[in-house]
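Dear colleague,

Here is the structure I promised to pass on to you, with its sequence. Please open it first, and then read the notes below beside it.

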Amino acid sequence: MHRNWRTSVPHLWLVLFVNFAVITVLFVKASPQSADPWSSVTEVLNRGVADHAFPGAVALVVNETDVLYEQAVGSFTYGVSPPFSTGNPAMFMDAKFDLASLTKVLATTTATMTFYQRNELQLNEAVASDRLLGPNFAQQGKGEIQVLNLLLHNAGYPPDPDPSYWSKTFGCPATSQFDPPETFSCSAKIFDALMKQQLVNPVGAKYVYSDLSMITMMYVVGTLARRLGYIKASEVRQDCLGGTSDMTLSKDAALSVDQCYYEAYVRKYVVEKLNLANTSFLPPKSVWGDCVPTWNDTTPDAPGPGYRNRVIQGQVSDQNSYALGGIAGHAGLFSTAQDMSVITRRVLFAGKNDPWINQTTAQLFTTVYNVSQSSRALGWDTNNYIKNTYRGCGNFSSTTFTHTGYTGTEVCNDPVYGVSTILLTNRVYPKADSESSKKIHYYRQLFNNAVKDIVASHS
């Protein structure tokens, strides 16, 4: 379905011939202008389903005030009924997606921006400062890491923790089970591992996209939320706190349970602030049937086969986030296209004096920071024509700020054309392999180029 930019109702030539009191009405064929101007976009999505790039997709295009295009195509799977759905549901606009790495920008970076906006977090502040994660974080040469390095992914971290938190080698208590539960039983062990995490590059020397950067930012956000009083213990998920004493929570030091305060802060100051009814970590089991399934963990080519040994639906697919209990700074957020567009609009069209996130803050976090090193902005990536070789936003402007998620999600926000595009797919179902990666890249570009052509023709 599309809205706005509709062509006018076709002009009908009505010729009346009156002969012997008989009126003949002739309708001349409608003008070609009556064709759906967004049909090329819908065609791309349907081709993606037919090509098995993804079983289904939800697409949304908005400008500052209007929905320009919305469409759901395909189904949850290629025919097999997902574990928590009846039959194989047709894709629908309010389907909930595992956003994967879009968590990094929509949750973690957005929360970071609010602290920066209030002058409560400086980009050049050392993460090992007493105010943030403290001297314990400075182990293994991490003392020089600043908040800026985490947001730019040049902190010196490897791409992922090694060993992975979900691996038997790491030794989370639940990992020994055939289908480990999604619990917080490993949170303290993971926090300790992060404090001891080694670097693979000098701080600031090289761009390496790393989940560890945003896992660290989770604790930064969480410790500030707790120690500055933005979140009370009563507002935190009690299953996450796990009986932590009030005395411990009152400590002026970073704690493993700051993960729980991170979730509560995102919930209160992003989700509830913007009235997002369908966005959360850990969606309740009652709505798992409305969550789009991701990969089949029983197949040998699944990412980390044999960890959960089932099709993943309604729970985070990322294994390290799952080992953390489903709350993490790099993955774990579930949302709908509509809810996502509320966040992206507030950033893309930030008001000059908006007390939540103003124009100055938004531009700082969404503008490429050091093009000699990478296409990254702060938390966000950009469609920079020089450094971004992936260019999932296709021919949208070089200043477009963007991010992708491993499950097949993407958002592109173009300040030049004044639009935000959201493409949500479950391209990882039933497996996430190299062919799937190539196909989603291809269809991301086709989709965004088709949208850009339409937008440009009306600008």
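Predicted model: local features only at pLDDT ≥ 70, side-chain atom pairs only at ≥ 80, totals over all residues.

If you look for the elements that give two or more residues to the lining of the largest pocket, you will find helix H9 (319–323), strand E9 (401–405) and helix H12 (434–457). Of the elements, it is E9 that supplies the largest share of this lining, with four residues. Sorted by class, the lining of the largest pocket has 13 nonpolar, 18 polar and twelve charged residues.

The second largest pocket contains about 280 Å³ of space. It is lined by 16 residues, of which Gln363, Thr366, Thr367, Phe401 and Pro415 are the closest to its centre. Two helices, H10 (337–348) and H11 (359–366), are the elements that give two or more residues to the lining of this second largest pocket, and H11 gives the most, with four residues. In the lining of the second largest pocket there are eight nonpolar and eight polar residues but no charged ones, whereas the lining of the largest pocket has twelve charged residues.

A search of the whole structure for cavities of 30 Å³ or more finds one, and the volume of the largest cavity is about 70 Å³. Which residues line the largest cavity? They are Cys172, Pro173, Ala174, Thr175, Pro180, Pro181, Thr183, Ser185 and Cys186, together with Tyr307, Tyr322 and Ala323. By class, this lining of the largest cavity has nine nonpolar residues and three polar ones, with no charged residues.

Helix H2 (residues 102–117) and H10 pack at an angle of about 45°, and their axes are 12 Å apart. An angle from 65 to 115 degrees would count as roughly perpendicular and one under 35 degrees as roughly parallel, so H2 and H10 are oblique to each other. Their crossing is left-handed, and the contact is made by Leu102, Leu106, Thr110 and Met113 on the side of H2 and by Met340, Ile343, Thr344 and Val347 on the side of H10. Taken by class, the residues of this contact of H2 with H10 are six nonpolar and two polar, with no charged residue.

The other pair to look at is helix H4 (residues 187–195) with helix H5 (residues 211–227), which pack at an angle of about 115° with their axes 11 Å apart. How are H4 and H5 oriented to each other, roughly perpendicular or roughly parallel? Angles of 65 to 115 degrees count as roughly perpendicular, and H4 and H5 are therefore roughly perpendicular to each other. The crossing of H4 and H5 is left-handed, and the residues that make the contact are Ser187, Ile190, Phe191 and Leu194 of H4 and Leu212, Ile215, Thr216 and Tyr219 of H5. The contact of H4 with H5 has six nonpolar and two polar residues, and no charged residues.

With best wishes

Conventions
Residues numbered from 1 in each chain as written. Heavy atoms only, no water. Axes fitted to C-alpha atoms, helices over the stretch in contact; angles between N-to-C directions. Parallel < 35°, antiparallel > 145°, perpendicular 65-115°, else oblique. Left-handed = near helix turned anticlockwise from the far one by under 90°. Contact = heavy atoms within 4.5 Å. Nonpolar A, V, L, I, M, F, W, Y, C, P; charged D, E, K, R; others polar. 1 Å grid on protein atoms, 1.4 Å probe; cavity = no way out; pocket = protein on both sides within 12 Å on 5 of 7 lines; lining within 4 Å. Points joined across faces, edges and corners; volume = space filled by probe spheres on them.
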